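I am keeping this notebook open beside the viewer today. Here is what I looked up, entry by entry.

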Amino acid sequence: MAIVEMQKLGVYALKSRRKETLELLQKLGAMEIAFDPGTEERFERMDTAGQRVRFERIADIFDQALALIKEYAPPEKSPLLNLEREMISGSEMDEVIRDRSRYYSDAKKIVALEKEITDAQAAIVRKSNKIESLRPWEALDIPLNSEGTKKTTFFIGTFPEMLTEEALLNICQGDSEEALPVSCEVVHAENQQTEVFIAALKRVEKEVEANIKARGFIRLPFITHRTPTGGIEKREKEILKEEEKIRSVKEEIAGYREECEKFRVASDYYRTRAEKYRVLGTIPQSEHVFFIEGWVEKDKAGRIEKLLTEKCDAAVEMLETREGEEEPTVLRNNAFSESVEGVLESYGLPRHKKADPTFIMSIFYVFFFGMMLSDAGYGILITIATFIVLKKYPRMADGTKKMMKLFFWCGISTAFWGFMYGGFFGDAIDVIATNFFGYTGETPILKPLWFAPLENPMRLLVWCMLFGLIHLFAGLAVKGYEYLKDHDVVGFLSDVVAWYLFIAGLVLMLLPTSLFESVSGISFGFPAWLKLASKIMTVLGLVVIVLMSGRANKNWGLRIALGAYDIYGVTGWLSDVLSYSRLLALGLATGVIANVINMMASMAGSGVVKVIIFVVVFIFGHLLNLAINMLGAYVHTNRLQFVEFFGKFYDGGGVPFKPFKTNYKYVEVKEEM
């Protein structure tokens, strides 16, 4: 429920202990390396870019090899979810490290084999295209490179139009008054193109050639010594060879399936080495010593100092934060609130000396999500599914685990609001009881613990507005806490208390009016003293805002003008409160769609057929409704936090804490420090 206090450490050691010092820090994963740009010039830095890039490239080759093995030799039992890394022992990691050169050679070979597959596939495409170009000439029984005989000339080519043999003969004759010695054959005609074979005596060769070129004749662009049929058969055999080659190479790649585990370990090893060399390139060092600066969590600083001193013979110094230096932000919250830290981080982390809104945000987030989805059946499904995932995959990544926990709590909230509204897969209980068990009662079996929104939506709208106002007031309270934390009492009274008085006074003035009663159907009768108090609160808040909102200016005229302009901000409050009507809209949408699905499922068939149709439509329809409205609830709950709640106090700007650690993607090493 707070931002963790950070401590800057300086670590100084002999250069001969550099390797073990870095490895220890990397295993601890508790220190973010950060140096002052003005490090003294007598210290130098190693150029490690080449080594880092090399290790990253090797890790990428292992990743490519793993992807290829997975493609050509998929696991027999592929898990539906793959949310956690594989746990291995330190000895297993050491074994892979010893044989890493052999595994790297195998990975390179797999990648090279993939190139053979790509080349073979490209060859198949080329040969297939060649076959398609030969297909129109299949009826021709002479080689396509035939130029003629001793006394004749052959013209083999195409015309850009559909022709008959008679028309083709006329084209060859041209304007000649006497019949030219020409033989014509239309080999194929399709799609405004005609493939032809023309034989002419050599003495009329030029005349015939001029006639046919005038009509767009184009000689065949490729030459082969085979007949078209022979050319097709040759390439079909070549394609079969290429396909056999592809099958053989895929089988060879699949043969490396047993090495997948070793490849994953090797990939993580090289990725971790790349990270170590990245950091090594930032470390200032002289001929004999080196030093490291970085951030750690303050409550862990003593343990880290002890480990570095005992294991690496290093000198460790607690450093003061330099002027203008930004401390990284680490959030620490209880098991419930930490689930929304990922949502907060997506908007921006809070800076040090500012309030961490995670705890308050988590309460409203889960509360509003449940109101929007608001179906007990859906909530129970979400809760059970996330609970199973959390239990089955205890070592999943922190971000994924937090998201699963968030939906677990949201599932409980959804189930709660579902029972409050009387919704369990819509009106499924009543529909099933009526259609399959002969229930004829007029009252619903599952009665709402509060009320049914579909029967009284305006009542729910009023409650949504009230919850929204509470949410906004909570945001304003956080702003007030930050003012008091900075000992700014004037700001607290002017920018927080005054707005509380002004907004609360306006609300109290609105509630007993006929306008509110006509919209909500709820009547309030306030005593005279409360009506007077609401007016006093409104005027007092108004006066303080007008006089003090622009207090940074010494000119009273400008100050009052700025204050009067800030009063216009009440329209923003109105639009913010109205935004909470989405709690009503999404809650009604979930219920209405669920009811329609139940009605559609029960309309068709009779007997066993009706049961089957009902089950199929029910399952498919409610899964779709759950997916759509769950997404809507997630998006709009985020919006209520980011726009309305954070808009009252939050500016983010915190720098995330990025410790130097083992960069494992596939495995987790079980080691003892």
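Before the sheet, a definition: two strands pair if DSSP finds at least two bridges between them. Helices (H or I, at least four residues) and strands (E, at least two) are DSSP runs, numbered from the N terminus. I note that this is a predicted model, where local features need pLDDT of at least 70 and side-chain atom pairs count only at pLDDT 80 or more, while totals for chains, interfaces and linings use all residues. Residues are numbered from 1 along each chain as its sequence is written, and side-chain values use heavy atoms, with hydrogens and water left out.

**Entry: the sheet**

I traced an open sheet of 4 strands in the order E6-E7-E5-E8, with antiparallel pairing. Strand E6 (182-190) and strand E8 (218-219) are at the edges with a single partner strand each, so one side of each has no neighbour in the sheet. E6 and strand E7 (residues 193-201) run antiparallel and are joined by 8 bridges. I found Ser183 opposite Ala199 in E7.

I located Lys665 in the loop between strand E13 (655-656) and strand E14 (667-670). Lys665 is partly exposed at 46% relative accessible area; the scale is buried under 20%, exposed over 50%, partly exposed in between (1.4 Å probe, protein chains only). Which residues does Lys665 touch, not counting those up to four places away in sequence? They are Asp63, Arg85, Asp268 and Arg271, where contact means heavy atoms within 4.5 Å. Ser267 is 398 residues from Lys665 in sequence, yet their C-alpha atoms are 8.2 Å apart.

Two of those contacts, Arg271 and Asp268, also meet through their side chains in a salt bridge (3.1 Å, N to O). The term asks for a side-chain nitrogen of Lys or Arg within 4 Å of a carboxyl oxygen of Asp or Glu. Arg271 and Asp268 are 3 residues apart in helix H8 (residues 260-280), which means about one helical turn separates them. Both Arg271 and Asp268 are buried.

**Entry: other salt bridges**

I listed 35 salt bridges in the structure. Side chains of opposite charge can pair when their charged atoms come close. Lys19 and Glu23 make one of them (2.8 Å, N to O); they are 4 residues apart in helix H1 (residues 18-28), so about one helical turn lies between them. Lys19 is exposed at 54% relative accessibility, whereas Glu23 is partly exposed at 26%.

Glu338 forms a salt bridge with Lys405, with 3.0 Å between the closest N and O atoms. Glu338 is in the loop between strand E12 (331-332) and H10, and Lys405 is in helix H13 (residues 398-421), so the pair ties together parts 67 residues apart in sequence. I also noted a salt-bridge network linking Lys8, Glu293, Arg322 and Glu325.

His352 is in the loop between helix H10 (341-347) and helix H11 (358-373). Is His352 buried or exposed? At 18% relative accessibility, His352 is buried. Its contacts beyond four places in sequence include Ile3, Val4 and Met6.

Lys353 is in the loop between H10 and H11 too. Lys353 is exposed at 72% relative accessibility, and has a positive phi of about 70° although it is not a glycine.

**Entry: Asp313**

I found a positive phi of about 55° at Asp313, also not a glycine. Asp313 is in the loop between helix H9 (301-312) and strand E10 (315-319), and is exposed at 57% relative accessibility.
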